[in-house]
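I opened my notebook beside the model and jotted down what I looked up, entry by entry.

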Amino acid sequence: SGALNSVAGQFGDASGEIHTNQLLVTSVGLLLMSVLCTISGVASVFLEYIMKNTKQSLFMQSILLYSFSSMFTGVALLRQYFEEGTTDASQPGFIHFLLHGFSAWTWVSIASQAVAGILMGVVLKFSGNLLRLIILACAVPVASILGVLCFSLQLNGLFWLAVLTLFFALYFYNTTGR
């Protein structure tokens with residue numbers, strides 16, 4: 001029903017007009033979202049395997065995993081810096097380039113993502129990927145309701161059908177014998 005909501009959003013309202021505060025996803029967006037979900041799912045299963053089948057502490061595992069991804073980010077940043085950079089000594093240095101445009105909200109976002117990453121690591125290490133997926137699925141209605149309150153986002157009936165489906169899935173997960 002979430003996909004139906006996205007597809008239905010392409011057609012706008014009865015007048016055919018699409019409003020900026022409506023949830024809208026294109027066909028290309030749906031295709032790319034499917035690719036993202038597939039890659040994310042495979043990566044999550046692999047990450048859970050790594051987290052559960054090594055004897056290292058969660059702290060050490062996190063450092064190793066994030067160091068690996070930071071190498072690629074660092075190479076991309078250095079490449080961009082030297083492509084855009086200048087040899088003029090009066091120009092700001094690498095730190096200014098790296099932090100250009102950061103605001104207090106950027107730091108809040110970075111801190112919240114760091115905390116979420118640590119919590120997801122704990123969930124994967126001591127529980128499992130299924131609980132992580134349930135947490136992420138429950139975040140969608142919460143974020144959407146915040147979008148309604150903060151940005152006047154308009155949610156239609158198909159969105160609420162998706163939320164209802166999510167709650168039924170949670171109900172069946174908790175009531176079936178495991």
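**Nonpolar patch.** I began with the surface of this predicted model and found a nonpolar patch of about 530 Å², made by Ile95, Leu98, Leu99, Phe102, Trp107 and Ile110. My rule for patches takes residues with over 30% relative accessible area and no salt bridge, joining nonpolar side chains (Val, Leu, Ile, Met, Phe, Trp, Tyr) within 5 Å and like charges within 9 Å. The areas come from the Shrake-Rupley method with a 1.4 Å probe, and for residues only the protein chains shown count as cover. Helix H4 (94-99) and H5 are the elements that give two or more residues to the nonpolar patch. H4 gives the most, with three residues.

**Ground rules.** I number residues from 1 along each chain as its sequence is written, and I leave hydrogens and water out, so that side-chain values use heavy atoms. As the model is predicted, I ask for pLDDT of at least 70 for local features and 80 or more for side-chain atom pairs, while totals for chains, interfaces and linings use all residues.

**Fold and confidence.** I noted seven helices and zero strands in the protein. From the N terminus on, the elements run α-α-α-α-α-α-α. I take helices (H or I, at least four residues) and strands (E, at least two) as DSSP runs, numbered from the N terminus. How much of the protein is buried? Buried residues make up 15% of the 178 residues. I then checked pLDDT, the predictor's confidence in each residue from 0 to 100. The protein averages 79, and 80% of the residues score at least 70.

**Salt bridges.** I searched for a side-chain nitrogen of Lys or Arg within 4 Å of a carboxyl oxygen of Asp or Glu, and the structure holds two salt bridges.

- Lys52 meets Glu48 at 3.4 Å, N to O. Lys52 and Glu48 sit four residues apart in helix H2 (residues 27-52), so about one helical turn separates them. Lys52 is partly exposed at 38% relative accessible area, whereas Glu48 counts as buried at 17%.
- Glu83 pairs with Arg79, their closest N and O atoms being 3.2 Å apart. Glu83 and Arg79 both lie in helix H3 (residues 58-84), four residues apart, about one turn of the helix. Glu83 counts as exposed at 56% relative accessibility, and Arg79 counts as exposed at 58%.

**Aromatic pairs.** I searched the whole structure and got six aromatic pairs. Tyr81 and Phe82 have ring centres 5.2 Å apart and planes at 65 degrees, so I logged the pair as edge-to-face. My cut-offs: rings of Phe, Tyr and Trp (its six-membered ring) pair if their centres lie within 6.5 Å, with planes under 30 degrees apart stacked, over 60 edge-to-face and the rest tilted. Is Tyr81 buried or exposed? Tyr81 counts as buried at 18% relative accessibility, while Phe82 is exposed at 62%. I also noted that ring pairs link Phe168, Tyr171 and Phe172 into a cluster.

**Cysteines.** How many disulfides does the whole structure have? I found zero, looking for a pair of cysteine sulfur atoms within 2.5 Å. Cys138 counts as partly exposed at 27% relative accessibility, and Cys150 counts as exposed at 54%.

**Two single residues.** Arg132 is found in helix H6 (residues 129-151) and counts as buried at 10% relative accessibility. Arg132 and Ser44 are 88 residues apart in sequence and 9.2 Å apart in space, C-alpha to C-alpha.

My last stop was Ser152, in the loop between H6 and helix H7 (157-175). Most residues other than glycine have a negative phi. Ser152 is not a glycine, yet has a positive phi of about 55 degrees. Ser152 is partly exposed, with a relative accessible area of 47%.

Note on methods. Buried means under 20% relative accessible area, exposed over 50%, partly exposed in between (1.4 Å probe, protein chains only).
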